[in-house]
2 protein chains.
Amino acid sequence: MADVALHAGVALGTVSNVLNKPEKVKELTRRKVMASIAELGFVRNDAARSLAAGTSNTIGIVLADLSNSLFVDIARGAEATVRQHGMNLLIANSDVDLTKQSLNISLFEQSRVAGVLLAPLDTAFARTNSVLSTTPLVLVNYASESGTYSGVVADEVHGGYEAARHLIGLGRTRLVFLGGPLMLMAVAQRLAGARAAVAESPGVTLEHIETRGLNMAHGRQAGQEILTRPAGTFDGAVAASDLLAVGAIQVLDENAGYEVPTDLAFIGYDDNHFASESAIPVSTISQHGEEMGRAAAQLLINEIHGGPLTLKRTVVIKPDLVPRRSTLGDDWRRD
Amino acid sequence: MADVALHAGVALGTVSNVLNKPEKVKELTRRKVMASIAELGFVRNDAARSLAAGTSNTIGIVLADLSNSLFVDIARGAEATVRQHGMNLLIANSDVDLTKQSLNISLFEQSRVAGVLLAPLDTAFARTNSVLSTTPLVLVNYASESGTYSGVVADEVHGGYEAARHLIGLGRTRLVFLGGPLMLMAVAQRLAGARAAVAESPGVTLEHIETRGLNMAHGRQAGQEILTRPAGTFDGAVAASDLLAVGAIQVLDENAGYEVPTDLAFIGYDDNHFASESAIPVSTISQHGEEMGRAAAQLLINEIHGGPLTLKRTVVIKPDLVPRRSTLGDDWRRD
DNA sequence: CCTCACAATTGAAGCGTTTCACAGAAGGTA
DNA sequence: TACCTTCTGTGAAACGCTTCAATTGTGAGG
């Protein structure tokens with residue numbers, strides 16, 4: 001920077017002003033300085049900058065699992081908001097590993113980012129709470145039970161409710177819920193929501209087939225399980241994830257006599273990209289990941305500007321029904 | 001840090017030594033210092049650290065598209081290697097946007113990361129080359145034509161060749177290649193590889209149906225196109241992506257008379273997670289994203305240690321055939 | 001032509017580390 | 001005991017920037 005100042009024939013402080021408060025410096029001088037910067041190929045040292053300024057303009061986000069499109073959507077949404085405020089977003093991937101998650105959080109704290117967004121593992125109570133530092137932190141897709149942090153969550157219960165309502169609204173009465181393990185709060189809540197919908201509809205029943213996970217292989221197992229029951233046992237199914245639904249539908253599809261949605265209407269969860277593209281496009285509940293990311297980023301930015309005493313809030317985002325062929329049948333058309 | 005020193009009754013420099021060269025300081029003192037650090041909740045300021053030390057221990061990776069699982073795999077592989085060397089990996093997502101890509105690169109340069117891994121957009125010649133700074137940079141999934149940078153690429157030609165060879169080896173003779181636009185180098189190269197395989201096999205023909213993209217919708221269009229031809233026109237298909245293959249198969253599957261793989265054997269490309277899980281598991285060419293990431297990280301670390309004069313190399317990673325039911329039929333079993 | 005108010009510019013004092021030349025202590029040797 | 005070595009621990013000088021009080025223009029009004 002000293003070089004640039006020399007080359008442009010101005011003081012060091014002026015160069016700094018050109019970079020940070022361009023309105024403070026006369027057009028002509030600004031031009032000269034810019035020219036020198038370009039000519040010398042100067043790149044401002046951000047480490048020095050944030051050391052001196054005491055604040056950085058980048059925000060870090062720690063994601064539980066990059067292979068999960070929900071988290072990618074969250075990151076995308078967060079980035080949009082962060083950029084609007086002239087800041088940058090850096091991502092760290094925990095890869096479903098609690099140790100990495102802690103490592104990543106402290107990595108961001110050490111580098112003195114302006115704030116941290118944390119999309120934690122579902123099972124990660126413990127560690128989350130031990131993060132008590134001065135770096136502003138906002139949770140995404142996980143509620144801080146103690147109210148220590150602001151956060152954004154999807155209303156999973158409502159999602160489960162809507163899914164079941166949709167089936168009931170289509171006249172289905174013998175429902176089954178596919179999903180597990182119940183240790184996952186998200187699954188438990190979706191099930192609770194579905195139960196609530198059933199409870200308020202006389203004559204409708206709901207059985208739960210617990211799976212050991214949420215991917216397609218588990219879905220196929222669940223599909224087999226359904227096949228062991230007498231035909232017609234169920235006429236509507238809520239799956240705790242789209243992959244589960246797709247897997248189960250594959251199995252049912254292979255065995256004639258169980259047509260989707262005629263015999264069994266199927267609805268999934270997550271609005272996984274793949275779900276809309278599978279052979280029978282799967283109706284689903286969309287969690288609006290981008291919106292969650294945007295909201296979380298906004299919360300974080302408020303906290304950055306408002307200081308540590310900023311009121312902690314939890315924003316709840318309602319998921320929405322996205323009906324497709326797996327429930328509507330031929331009435332539904334691809335657009 | 002001064003506080004810690006005071007609290008532990010040692011000099012400032014000693015605290016620094018405890019953190020950086022623990023072997024230089026007596027066990028007892030180290031303990032005292034560690035205790036003080038814990039008690040005071042001290043978090044080392046990395047900005048100051050890298051300013052003073054002149055080097056950082058984090059590496060940045062700029063990814064063209066987080067929704068593409070290949071890039072996520074690359075990041076995962078890179079992270080593994082980076083961690084082995086005691087460094088950290090931060091991710092920035094360009095989201096298929098050239099402007100963001102440049103922004104992200106300069107973001108990393110400004111923050112003085114030890115080095116940058118760049119997985120650029122396929123169309124991004126221009127910008128890539130203008131990155132001429134002192135920060136070590138290694139390309140992934142893209143070759144630096146000028147030899148300015150080291151890089152890791154998949155051998156796309158070989159991949160296309162293997163795909164076609166596989167079909168030919170199964171006795172298929174009337175092949176079709178689905179993919180486009182040819183502007184994408186990867187697609188063009190895969191096609192070239194397939195052509196090479198056909199050229200060396202007398203009696204085998206290859207037609208090219210150009211698509212406008214590589215996702216499932218494009219695949220369905222291609223499937224329609226195939227249906228317009230007289231039955232039996234093709235008996236083997238190479239798709240430039242798994243999604244393309246899955247889409248096309250969906251369409252053919254709905255129209256009786258075109259059974260996969262009996263009538264038409266299908267092979268995709270990318271080893272997309274979904275490809276192995278779709279109704280008919282799709283044979284594919286795997287690019288080994290993690291391996292690419294690991295190799296690139298290693299190259300970068302060499303360059304960081306070796307200085308700017310380090311010999312630039314391009315590592316080529318050969319993709320592999322992963323045969324599944326869409327070519328082998330019932331001979332293939334899910335494991 | 002002088003003042004005054006305001007705009008533009010200056011430069012030195014930090015910011016929180018690492019590094020490194022030195023000082024002190026401890027242990028070995030003659 | 002005197003003299004060397006080897007370990008430990010010390011503290012001040014950078015690192016490259018932002019900030020801000022102080023200084024130097026500048027133009028309008030009288």
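This is a predicted model: local features need pLDDT of at least 70, side-chain atom pairs count only at pLDDT 80 or more; totals for chains, interfaces and linings use all residues.
## Helices across the sheet of chain A

Helix α8 of chain A, which spans residues 156-169, lies across β6, β8 and β9 of chain A, and its direction is at about 165° to that of β8(A).

The sheet in question is open and consists of 4 strands of chain A in the order β7-β6-β8-β9, with parallel pairing. Because β7 (205-210) and β9 (265-267) of chain A stand at the edges with a single partner strand each, one side of each is left without a neighbour in the sheet. From one strand to the next, the twist averages 20°. Within the sheet, strand β6 (residues 174-179) of chain A pairs with strand β8 (residues 236-239) of chain A in the parallel sense over 4 bridges, and A:V176 is the residue that stands opposite A:A237 in β8(A).

## The sheet of chain B

In chain B, 4 strands form an open sheet with parallel pairing, and their order is β7-β6-β8-β9. The edge positions are taken by β7 (205-209) and β9 (265-267) of chain B, each of which pairs on one side only, and the twist from one strand to the next averages 20°. Strand β6 of chain B, here residues 174-178, and strand β8 of chain B, residues 236-239, pair in the parallel sense over 4 bridges; B:L175 stands opposite B:G236 in β8(B).

Helix α8 (residues 156-169) of chain B packs on this sheet, where it touches β6, β8 and β9 of chain B, and its direction makes about 165° with that of β8(B). Helix α9 of chain B, residues 185-199, lies across β6 and β7 of chain B and runs at about 160° to β7(B).

## Surface around DNA strand C

DNA strand C is surrounded by 24 residues, of which A:A11, A:T14, A:T29, B:M1 and B:S16 are the closest. By class, this surface has 12 nonpolar, 8 polar and 4 charged residues. Of the atoms of DNA strand C within 4 Å of the protein, 72% belong to sugar or phosphate, while the rest belong to bases.

Several contacts to the phosphates can be listed by residue. The elements that give two or more residues to the surface near DNA strand C are α2 and α4 of chain A, together with α2 and α4 of chain B.

## Surface around DNA strand D

Around DNA strand D there are 23 residues, and those that come nearest are A:M1, A:S16, B:A11, B:T14 and B:T29. Sugar or phosphate accounts for 74% of the atoms of DNA strand D within 4 Å of the protein, and bases for the rest.

Polar backbone atoms of both chains approach the phosphates: that of B:A11 is 2.7 Å from a phosphate oxygen of DNA strand D, that of B:K26 is 2.9 Å from one, and that of A:N45 is 3.3 Å from one. The elements that give two or more residues to this surface are α2 (12-20) and α4 (46-53) of chain A, together with α2 (12-20) and α4 (46-53) of chain B.

## Domains of chain A

The domain assignment divides chain A into domain 1 (1-44), domain 2 (57-154 + 288-317) and domain 3 (156-287 + 322-331). The C-alpha centres of domain 1 and domain 3 of chain A lie 62 Å apart.

## Backbone details in loops

In chain A, a cis peptide bond with omega of about -10° joins A:G180 and A:P181, and A:P181 lies in the loop between β6 and α9 (185-199) of chain A. In chain B, a cis peptide bond with omega of about 0° joins B:V260 and B:P261; B:P261 has its place in the loop between α11 (242-254) and β9 of chain B.

B:D95 has a positive phi of about 55° although it is not a glycine, and B:D95 is found in the loop between β2 (88-93) and α6 (98-110) of chain B.

Key:
Residues are numbered from 1 along each chain as its sequence is written. Chains are lettered from A and ligands numbered from 1 in the order in which they are written. Side-chain values use heavy atoms; hydrogens and water are left out. A residue is near a molecule or strand if one of its heavy atoms lies within 4 Å of it. A polar contact is a pair of N or O atoms within 3.5 Å; within protein, one must be able to donate a hydrogen and the other to accept it, and residues adjacent in sequence count only if both atoms are side-chain atoms. Two strands pair if DSSP finds at least two bridges between them. Axes are lines fitted to C-alpha atoms, for helices over the stretch in contact, and angles run from 0 to 180 degrees between N-to-C directions. Contact means heavy atoms within 4.5 Å. Domain bounds come from an automatic or database domain assignment. Ala, Val, Leu, Ile, Met, Phe, Trp, Tyr, Cys and Pro count as nonpolar, Asp, Glu, Lys and Arg as charged, and the others, Gly among them, as polar.
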